[in-house]
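Please work through the following exercises with the sequence and the model open beside you, and try each task before reading its solution.

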Amino acid sequence: MSDYFQNIPEIKYEGRESDSSLCFKYYNEDQIVLGKTMKEHLRFATCYWHTFTWPGLDPFGGPTLERPWMGLGDPLIMAETKLNAAFDFFSKIKTPYFCFHDRDVAPEGTNYIETKKNLDHIIKLMEQKMKETGVQLLWGTANSFSHKRYMSGASTNPDPEVFAYIAAQVKDCMDATQDLGGQNYVLWGGREGYETILNTNMKKELDNLARFLELVVNYKHKIGFKGQILLEPKPHEPTKHQYDFDSASCLALLRKIGLDKEIKLNIEVNHATLSGHNFEHEISYAIANNALGSIDINRGDTLLGWDTDQFPNNPADLIMAFYFIFSNGGLEKGGFNFDAKIRRQSINPEDLFYAHIGGMDTCAKTLLAVEKLINDNVIQQYITNRYKKWDEELGK
Ligand code: XUL
Ligand code: CO
């Protein structure tokens, strides 16, 4: 058990009349909407990296968040303390899922073998925690961007040793995801892109990225992983030109290498807006190509041009995307993962709860509005009518 969140009760649905801040006003997990419970539709996940590992850094200042597991001490003990606090948080906020990078949960060792031992150790404890609490894994992913070895990319690195390193790391992380019964495995390119064409062999980098994706899919089949493999588009940041810019460029790459039936997309709101599209465009594009896998639910800031990863707070930002997702039957194995950060001034343990409650209520409120839109059928009728000549003689 962890005592970091000891003063915070289990968060319950109290409805709009409640004046408590530590309760849900809209997210009522057992309420039936469009034939399923809210819990089944929304499949919320807390993300390990922003919620438990991000220390409050920004480009101008150091850590502001002083969590007990962030101090000095044996990194493995710290990882265990973090694990206990994380599962306490999941159980209280009641996101039925979580998502993690290998390096968020277990520390990098001095060499590969030590790093793998650290991961194996934590994954065993995690398996136990999942059994005790009933919390499940939405997806796992490997961090292929933080360590300096990846400063020039992972699978697109000019040095084949780095390619071999990320291949091994992803293999281990896929094994861990499989052992934990993860429903998906995510690949976010991180630094799979370039800064200047003057030193870049683009064809070689693209061929190596393609080879890497093939290896991932081959390994999925080898171990019999039943989850989905997902690619997460993002246009810039960290590199200036990312090869996985948006849904369309990811799908073009997957089709070129014949993997479009094997890999779907994990679409993130703030990545969609950074690519000059909006969230609903990225969602519609994925649906039109049978490639919608899962969602990283957050928001950007129209006045700031970077990936601010804030919690969603406005149903109007989400409603059209949700309308298309739920008109299309919803997310099967995917879910809504809060890839979102609190403000670096939000230093108290309860701030993590306020942030998730706000995000979960915003999604629930949007879902309720979408139920009306779908039942009213006005938008669908309008669209059907607009194309009706394709069902008439000339169109046929
Ligand atoms: C980065 C991002 C990642 C991925 C997982 O912008 O969204 O956290 O979701 O690596
Ligand atoms: Co993300």
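**Exercise 1: a strand and its partners**

In this predicted model, strand S5 (residues 44-47) is joined by three bridges to strand S6 (residues 97-101), and the two run parallel. Find which residue of S6 is the bridge partner of cysteine 47, and then determine in which sense S5 pairs with strand S14.

Solution. Begin with S6, where cysteine 99 is the bridge partner of cysteine 47. Turn next to strand S14 (residues 336-338), which pairs with S5 over three bridges, in the parallel sense. Within that pairing, phenylalanine 44 has phenylalanine 336 of S14 as its bridge partner. Finally, look at the side chains of S5: Phe44 and Thr46 point one way, whereas Ala45 and Cys47 point the other way, and all are buried. In a regular strand, side chains alternate between the two faces of the sheet.

**Exercise 2: the cysteines**

**Exercise 3: two helices**

Decide how helix H10 and helix H11 are oriented to each other, and list the residues through which they meet.

Solution. First take the geometry: the axes of H10 (residues 279-288) and H11 (residues 315-327) come within 8 Å and cross at roughly 10 degrees. Angles under 35 degrees count as roughly parallel, and H10 and H11 are therefore roughly parallel to each other. Next take the contact, in which Phe279, Glu280, Ile283, Ser284 and Ile287 of H10 meet Asp317, Leu318, Met320, Ala321, Phe324 and Ile325 of H11.

**Exercise 4: placing a lysine**

Locate lysine 264 in its strand and state which residues lysine 264 contacts beyond its neighbours within four places in sequence.

Solution. Lysine 264 lies in strand S12 (residues 263-268), and at 24% relative accessibility it counts as partly exposed. Beyond those sequence neighbours, lysine 264 is in contact with Gln228, Ile229, Leu230, Leu231, Asn290, Ala291, Leu292 and Gly293.

Note on methods
Residues are numbered from 1 along each chain as its sequence is written. Chains are lettered from A and ligands numbered from 1 in the order in which they are written. This is a predicted model: local features need pLDDT of at least 70, side-chain atom pairs count only at pLDDT 80 or more; totals for chains, interfaces and linings use all residues. Side-chain values use heavy atoms; hydrogens and water are left out. Helices (H or I, at least four residues) and strands (E, at least two) are DSSP runs, numbered from the N terminus. Buried means under 20% relative accessible area, exposed over 50%, partly exposed in between (1.4 Å probe, protein chains only). Contact means heavy atoms within 4.5 Å. Two strands pair if DSSP finds at least two bridges between them. Axes are lines fitted to C-alpha atoms, for helices over the stretch in contact, and angles run from 0 to 180 degrees between N-to-C directions. Angles under 35 degrees count as roughly parallel, over 145 as roughly antiparallel, 65 to 115 as roughly perpendicular and the rest as oblique.
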